[in-house]
Amino acid sequence: MRKKFSWKKFGKRTLYAFLGFVGLIIIGMVYLYIVAIDYPPEPKDQSSLNLKREQPSKGFYTINNSWFRKSKSGLFEMYVEGKPFERGVINGKLSQELVVAQEDHFVEQISRIVPSNFYRHFLKYFIAWFNRNLDKNVTEEYKEEIYGISKSASDKYQYIGSNYQRILNYHAAHDIGHALQSMALVGCTSFGTWGVKSEDSTMIIGRNFDFYVGDKFAQDKIVAFFAPSDGYKFMTVTWGGFIGAVSGMNEKGVSVTINADKTNIPTSAATPVSLVAREILQYAKNTQEAYAIAKKRKMFVSEAFLVASAADNKAVVIEKTPDTLDIYDPHQDYIVCANHFQSKGLSQSKENKVQMAESASPYRYNRLMELLNTNGKNTVQKTIAILRDQKGLHGENIGMGNEKAINQLMSHHSIVFEPKKLLVWVSTSPWQLGEYVCYDLKKVFGLRGMKQDQEINEQNLTVPADTFLSTSQYKDFVNFRRMRQRVLDGESINTDSLVATNPQYYFAYVIAGDYTFKLKNYKKALGYYQTALTKVIATKKEEEHIKIQIARCSKKLKNS
């Protein structure tokens, strides 16, 4: 016999289910709050907190032997020495304005990407959960150094997390963005030559660091020189509040640059890529020791480390995923690295095959090989010319800013190393178009005191700015970027004027198509999308977007 339906029992069950659901939410929020609490290190000696920043002259700051200033080139320069916590405190105090400004720029960019306050707060707790194991995978030395810097961070972002928690988490920002979006926020190109491939047989390494978190983020680059209490002296190109390394070289002639590869979405953070690179710079004197350091650190994204060694007189690519490590040794006098793996163990992985098929990496790699094969024996000047190259295969005009170009006109910085000579060239703004300023590490680390007007770069080795800066095409590109930003900000533009500023760039037509599609001008949008398909498109995903939009426009026009 069928039981009679009871609204009372149904109501109770519904209430219990609802209370259970609410309980789970509360438990989850409590858990997220707990994992969001940071446990900063406790340095034994915190006397450095009492150090005062001196200003001998305008814009020139010192603390004991450490110093900071903006050079005539526009690059900030900094020298820091001491123990971990002391280094961090001094670094933060010397560059405090940049530490605060960089966080302002970073938070502003996040607000642009995620305009909703609700979702930003959700993102805060999600990152706290994702990074719940971060401090367990960062060495005590680097935690102390980060803690020291955090003492100079702004207190206005306490709603995101404590100063220490935020600065620590920012070191994993690249990794998180790379992992969660399954894209390389650092879509870089690097290469090297030596022996018969270099004009004087000296090893030359060049790289573009194509990392974009808004224009403001790249404004204040710091060329930082460190003399740590343990390990080797080294230099990096960095920004306020960041102790990791993305490009750098140490006093033993070991240089390191990082290139992202496709990765699966992980469940929690491990050691940030930049801190692995930093450890290599500080503690490795050859490629074998660099490999050993990479091997002992667990990472949560896939990355390639191009490591050059003066002692070995060669460069290799150490390729690392969350669970695999391999090394690519070309066994020849040159090496090329984009954003896909080349070693026997990883080149055939499923993720790498997808990367090869769908990304701009293989195209950029082939263009680089094309230039190396036609340029003759390499020099520093030729290396910089390659890093500035905007063309596609066979010199084709593929538009300004195309991801398939070596020079995507977005680099945070570009850099060239000569490890045996301990010389390094750093680009000045904009991107890699300004002068490349040369530093001699032997000279810089041999200084005993510093004066405001004392130049530490090798002015006779400066490589001039790109002549592209004085062309009408450069002005067109600046106008293109301004109009693109206006679209992102929801402002009105003339789409024909937009594409006229960059007529060979497929993405100009995509922007125009998306803009006119939103205005329901499907005929005009269709024309833009169809033109975009005739250009060199950077990725498979973007090509698919264009084709989907063409189908949508055609359907709309048919039904109208």
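Two strands are taken to pair if DSSP finds at least two bridges between them. The model shown in these views is predicted.

**View 1. Pairing of strands β16 and β17.** Residues 423–427 form strand β16, which pairs with β17 in the antiparallel sense over 5 bridges. Within this pair, Ser427 stands opposite Tyr436 of β17.

**View 2. The open sheet of 6 strands.** The strand order is β14-β5-β6-β15-β16-β17, and the pairing is antiparallel. The edges are taken by β14 (334–337) and β17 (436–440); each has a single partner strand, so one side of each is left without a neighbour in the sheet. On average, neighbouring strands of this sheet are turned by 10 degrees against each other, direction ignored.

**View 3. Helices α11 and α12 on the sheet.** Helix α11, residues 361–374, packs on the sheet and touches β5 (189–193) and β14. The direction of α11 makes about 30 degrees with that of β5. Helix α12, residues 380–387, also packs on the sheet, where it touches β5, β6 (204–209), β15 (413–418), β16 and β17. The direction of α12 makes about 155 degrees with that of β15.

**View 4. The hairpin of β12 and β13.** Strand β12 covers residues 314–320 and strand β13 residues 325–328; the two pair in the antiparallel sense over 4 bridges. A hairpin through 4 residues joins β12 to β13. In this pair, Ile318 stands opposite Ile327 of β13.

Key: Residues are numbered from 1 along each chain as its sequence is written. This is a predicted model: local features need pLDDT of at least 70, side-chain atom pairs count only at pLDDT 80 or more; totals for chains, interfaces and linings use all residues. Side-chain values use heavy atoms; hydrogens and water are left out. Axes are lines fitted to C-alpha atoms, for helices over the stretch in contact, and angles run from 0 to 180 degrees between N-to-C directions. Contact means heavy atoms within 4.5 Å.
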